[in-house]
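Subject: Structure handover

Hi,

Here is the structure for you to look at. My notes follow below it.

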Amino acid sequence: MATVAQSAELGTAGIVIWGDHLSDKTKTDCLEIKSYIDNFLGPLVKNLTAITQTCSQKFCNSHGRCTFQLNPSVYAKALSQGIAQELSDQWKFVSCKCYNGWSGADCSHQV
């Protein structure tokens, strides 16, 4: 949760998730990983993607990624609930990271 949300907070373009072959040795292990992705990680990534895309459109003219500030207690709440449905209410926009070819506080100036 913290790694995925922190990547979104920093306005990164994406994340890489990896594991090792030791976590998929049995059918039970595979089903546990699938359940984790279906019930926690997938909804979290979907929620964060929606938040970051909406922010990019609203604050960065769709020409950049937002950086955010998020209260750390939100992580604990989201973890205890299993998914992060209420994160969008907890994010505070900080600034835009403009895509190549764009500049300005709101990424509205083409260079």
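First, a definition for the helix packing: axes are lines fitted to C-alpha atoms, for helices over the stretch in contact, and angles run from 0 to 180 degrees between N-to-C directions. Helices (H or I, at least four residues) and strands (E, at least two) are DSSP runs, numbered from the N terminus.

Now the ground rules. This is a predicted model, in which local features need pLDDT of at least 70 and side-chain atom pairs count only at pLDDT 80 or more, while totals for chains, interfaces and linings use all residues. Residues are numbered from 1 along each chain as its sequence is written, and side-chain values use heavy atoms, with hydrogens and water left out.

**Overview**

The chain has 3 helices and 4 strands. From the N terminus, their order is α-α-β-α-β-β-β. Of the 111 residues in the chain, 26% are buried. Buried means under 20% relative accessible area, exposed means over 50%, and partly exposed lies in between (1.4 Å probe, protein chains only). Contact means heavy atoms within 4.5 Å. Among contacts with a separation of 6 or more, 67% link residues 24 or more positions apart.

**The two helices**

How do α1 and α2 sit relative to each other? Their axes come within 11 Å and cross at roughly 10°. Angles under 35 degrees count as roughly parallel, over 145 as roughly antiparallel, 65 to 115 as roughly perpendicular and the rest as oblique. The two helices are therefore roughly parallel to each other. On the α1 side, V4, A5 and A8 make the contact; on the α2 side, L41, L44, V45, L48 and T52 do. These residues divide into 7 nonpolar, 1 polar and no charged. Here Ala, Val, Leu, Ile, Met, Phe, Trp, Tyr, Cys and Pro count as nonpolar, Asp, Glu, Lys and Arg as charged, and the others, Gly among them, as polar.

Helix α1 covers residues 2–9, and its buried residues are V4, A5, S7, A8 and E9. An α-helix has 3.6 residues a turn, so residues three or four places apart point the same way. Just after α1, G11 takes a positive phi of about 75°.

L44 is buried, because its relative accessible area is 0%. Its C-alpha atom is 7.8 Å from that of M1, 43 residues away along the chain. I51 is also in α2. I51 counts as buried at 13% relative accessibility. K58 and D106 are 48 residues apart in sequence and 9.2 Å apart in space, C-alpha to C-alpha.

**The core**

A nonpolar core is a set of buried Ala, Val, Leu, Ile, Met, Phe, Trp, Tyr and Cys residues joined through side-chain atoms within 4.5 Å. Which residues have the most contacts inside the largest one? They are L44, L48, F68 and W91, in a core of 17 residues. At least two core residues come from each of α1, α2 (27–59), β1 and β2. Helix α2 gives the most, with 6 residues.

**The strands**

Strand β1 (residues 64–70) is mostly covered, with 5 of its 7 residues buried. Strands pair if DSSP finds at least two bridges between them. β1 and β2 (residues 91–98) are joined by 7 bridges and run antiparallel. F68 has F93 of β2 as its bridge partner.

T67 is in β1. At 10% relative accessibility, T67 counts as buried. Leaving aside neighbours within four places in sequence, T67 contacts E9, L10, G11, K92, F93, V94, S95 and K97.

**Two phi values to check**

Most residues other than glycine have a negative phi. S62, which is not a glycine, has a positive phi near 60°. S62 sits in the loop between α2 and β1 and is partly exposed, with a relative accessible area of 39%. C107 is not a glycine either, and its phi is positive at about 55°. C107 lies in the loop between β3 (102–103) and β4 (109–110). C107 is buried, with a relative accessible area of 0%.

Best wishes
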